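Subject: Structure handover and notes

Hi,

Here is the structure we spoke about. Please open it alongside this email.

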Amino acid sequence: MRPDEGALTIRGALDRACRWFAGNTALAQDARRVSYAELGARTRSIAAGYRRLGLGKGDRIAFLCAASIDHALAYYASHRLGAIAVNLHLREPADAQSRLFERLEPRVLVYDDERAELAAALTSRHPGLVPVRTGGSDALGSIPLAELGGRDDGEEAGPLHEDDPAIIQLSSGSTGVPKALVHSHRSVLESWSGGLYMWSGISPHDRFLNGFAPSFVVWLVHAGAFLAQGGGVWLQSKWDPAAFLGAVQESGITCTALTPTQWRTVLAAGPEAYELRSLRLAAYLGEKLEPAGLRELMRRVCPQFSSFYGMSECLGLGGCVVRGSEIVGQDKWGSVGRPSLNSDLRVVEAGDGPVVEKPAGEIGEIVVRAASFAQCNWGDPDWQRRVVTPDGWYRTGDRGWVDPDGFVYLQGRVDNQIATGGIKVAPEEIEQVIGTHPGVAAVAVFGADDERWGQRIVALVVSREASLTGAELEQWCRGGERLAAYKCPKQWCFVEALPLTGVGKLDRKALAGIAAGCTGCAGTDRTERP
């Protein structure tokens, strides 16, 4: 056996942590705690149970679970025998899940009580699927996880190598059908190493609070990074801002990351009522956050805030990191920072042409390279040829620009642009301006078909004030040269909430339908050309 055998595998990383930090808390949820010693023993016994079911290296295990200790134990146990783990999107209906199962052909489905009905539908459609439940109910004759992991047969696990497939990460589906991105053990561990950089180091005394469902990249990358370094991972199965703030206070949480949407609910829950001084670093990711919102978070929640920009194709590592000291000290409000560890980035012309870097300040498509890039998209052998340039850059589909100091700023998606009056406009730019109005809680902008303009700009607004009007927002956008006249929305629609995808991101495909059915719309009919 070589000295480096298994060094870059998930199994090897967890074995090292379980040996050296045996007495530390590895996983915590509510009052339950699991030490590193218990993590090692429980995952070995569950892996033995998988083997008794006939599973081995390369078999797929699907997980239909909210974040929980039992899910984490079952998930990490899959890596002990070299199975390929896939965390499913929890909000997807049975038809969508079944289509994915036809593609991935998982042999085992691990589910929790809340998803028992969906699990029953899937097992009826896929007769060879073995159901394993983490909870106590038994609606479909499934195997309890406690029984599956009841004993360790002591059998030695087979050899694993760094380039063996380890996980399938489902993309958010914001650009269409979710991709099933296959990542190797090396790729996952590269992302965990990147976590050290993202969090300015991780110590065994750190406690990371995870407020995400397991299908999010953050669950895999950031929780894994803390586990690999002997830190503790506190799990929250359902998003609740008050419970989140209570957990930070009661458990002395040091690090946490949420989407801007989640952080806004935290601000609304009154963080001043909680003791949050244990937080050394907080972060936002997944969406753009306006500078005013970030200033409020740094003032009311944690003075040290970072931003992570990444993508499922690179397990979050192929993007950028910016820290609060850079944001404040170098006046980089709105930036997502510079490229992360073992990755690189360029801004180029969108399309299929050669990759030619644009000068600083010019907007283009962001392309990246990363050591953690996916091996393939399962069932789509032509995927890499379509998205990777001949010289090895991944076309992200994100628009952005780089300032003279090398800080990256996002400008939305290439395919989200609105063509109005012959000019292309990024909805995210308009959203950022409208979102700074004190009466606006949330906003989304899209282009609706229009005989006159080609597309007219429509804004869906969630207001904090019942008296807020489209005319007031129109004046806000035009005032102080915040927006050029042609970028101001021609239609305002006030709604109770914005539509979200299965992983909690803005569902831009649903905006037109919401606008068509909403009440309280106000339109403006300006005659000047855009």
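Below are the ground rules, then the helices, then some single residues.

This is a predicted model, in which local features need pLDDT of at least 70, side-chain atom pairs count only at pLDDT 80 or more, and totals for chains, interfaces and linings use all residues. Residues are numbered from 1 along each chain as its sequence is written, and side-chain values use heavy atoms, with hydrogens and water left out.

**Helix pairs**

Two packed helices are described by the angle between their axes and the distance between the axes. Axes here are lines fitted to C-alpha atoms, for helices over the stretch in contact, and angles run from 0 to 180 degrees between N-to-C directions. Helices (H or I, at least four residues) and strands (E, at least two) are DSSP runs, numbered from the N terminus.

Start with helix H1 (residues 10–20) and helix H7 (residues 185–198). Their axes are 9 Å apart, at an angle of about 45°. That makes H1 oblique to H7. On the scale used, angles under 35 degrees count as roughly parallel, over 145 as roughly antiparallel, 65 to 115 as roughly perpendicular and the rest as oblique. From H1, Ile10, Ala13 and Arg16 take part; they meet His185, Val188, Leu189 and Trp192 of H7. Contact means heavy atoms within 4.5 Å. The H1 and H7 contact residues divide into 5 nonpolar, 1 polar and 1 charged.

Next, helix H9 (residues 241–251) packs on helix H10 (residues 260–268). The angle is about 80° and the axes are 9 Å apart. H9 is therefore roughly perpendicular to H10. H9 contributes Pro241, Phe244 and Leu245 to the contact, and H10 contributes Trp263, Thr265 and Val266. The residues of this H9 and H10 contact divide into 5 nonpolar, 1 polar and no charged.

**Buried sides**

H10 has Pro260, Gln262, Trp263, Val266 and Leu267 as its buried residues. They cover an arc of only 155° around the axis, so they lie on the same side of H10. The arc is that of the directions from the helix axis to the C-beta atoms. Buried means under 20% relative accessible area, exposed over 50%, partly exposed in between (1.4 Å probe, protein chains only). The cover over the buried residues of H10 includes H9, strand E12 (255–258), strand E13 (281–285), helix H11 (291–300) and strand E14 (305–309). After H10 comes Gly270, with a positive phi near 80°.

Helix H5 (residues 116–125) buries Ala116, Leu118, Ala119, Leu122 and Thr123. These cover an arc of only 155° around the axis, which puts them on the same side of H5. Glu117 and Ser124 are exposed, on the face of H5 turned away from its buried side. Covering the buried residues of H5 are, among others, strand E3 (60–64), helix H4 (94–104), strand E5 (108–111) and strand E6 (130–133).

**Single residues**

Arg395 sits in strand E20 (residues 394–402). Arg395 is buried, at 12% relative accessible area. Its side chain makes a polar contact with the side chain of Glu365 at 2.9 Å. The Arg395 side chain also reaches the backbone oxygen of Glu349, at 3.3 Å. A polar contact is a pair of N or O atoms within 3.5 Å; within protein, one must be able to donate a hydrogen and the other to accept it, and residues adjacent in sequence count only if both atoms are side-chain atoms.

Thr389 touches Arg395 and Val355, not counting residues up to four places away in sequence. Thr389 lies in the loop between helix H13 (383–387) and E20. Thr389 is buried, with a relative accessible area of 9%.

Gln236 is in the loop between strand E11 (232–235) and H9. Gln236 is buried too, at 10% relative accessible area. Leaving out residues up to four places away in sequence, Gln236 touches Ala67, Asn210, Gly211, Ala243 and Phe244. A polar atom of the Gln236 side chain lies 3.4 Å from the backbone oxygen of Lys238.

Asp30 has a positive phi of about 55° although it is not a glycine. Asp30 lies in the loop between strand E1 (25–29) and strand E2 (32–35), and is exposed at 70% relative accessible area.

Best wishes

Definitions and conventions. Ala, Val, Leu, Ile, Met, Phe, Trp, Tyr, Cys and Pro count as nonpolar, Asp, Glu, Lys and Arg as charged, and the others, Gly among them, as polar.
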